[in-house]
Amino acid sequence: MGKLSRQDIMARFEEAVIVAKRLPPVMPAGYRTAWPEFILTELEILQQDRKPLKILPTPEQLSRLDEVLNWIVLLTEIERKLIWMRANRKPWREVCGTLGLCRSGANEKLNGALDYLSEVIGDV
């Protein structure tokens, strides 16, 4: 597979965030609604607002998401939060306020975590 750079690993995390948001919602087993089924006329169907088409992730995207989720286990809790927040494109001010780190310290920790993942993943 070869070594992945920091940018490649961060891009994989950003893709994982997008794919995770596109997954269908999780419903409990036996979930159903109590509302009765009703039949709409053709005119009522035509007058409805169109729902945006939700595009489900491809199998390749799901396999890359699984791979990224396996990488998460290798990191500490604060590194996990830091990487996920940056993958969600949260501003540094929010990241630093949430994690209690200064900007340079958070950036150093992020780069260290990405370098560590690059080393570990490259050896596999």
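This is a predicted model: local features need pLDDT of at least 70, side-chain atom pairs count only at pLDDT 80 or more; totals for chains, interfaces and linings use all residues.
Aromatic rings first: rings of Phe, Tyr and Trp (for Trp, its six-membered ring) pair if their centres lie within 6.5 Å, and planes under 30 degrees apart count as stacked, over 60 as edge-to-face, the rest as tilted. Residues are numbered from 1 along each chain as its sequence is written, and side-chain values use heavy atoms, with hydrogens and water left out.

**Entry 1, aromatics.** I searched the whole structure and got 2 aromatic pairs. In one of them, Phe 13 and Trp 84 have ring centres 5.7 Å apart and planes at 85°, so I logged that pair as edge-to-face. It links distant parts of the chain, with Phe 13 in helix H1 (residues 6-22) and Trp 84 in helix H4 (residues 77-87), 71 residues apart. Helices here are DSSP runs of H or I, at least four residues, numbered from the N terminus. I also found Phe 13, Trp 71 and Trp 84 together in one aromatic cluster.

I used relative accessible area with a 1.4 Å probe, protein chains only: buried is under 20%, exposed over 50%, partly exposed in between. Phe 13 comes out buried at 0%, while Trp 84 is partly exposed at 22%.

What does Leu 65 contact, leaving aside neighbours within four places in sequence? I got Ala 16, Val 19 and Leu 23, with contact meaning heavy atoms within 4.5 Å. Leu 65 and Phe 13 sit 52 residues apart in sequence and 8.1 Å apart in space, C-alpha to C-alpha.

Technical notes: Helices (H or I, at least four residues) and strands (E, at least two) are DSSP runs, numbered from the N terminus.
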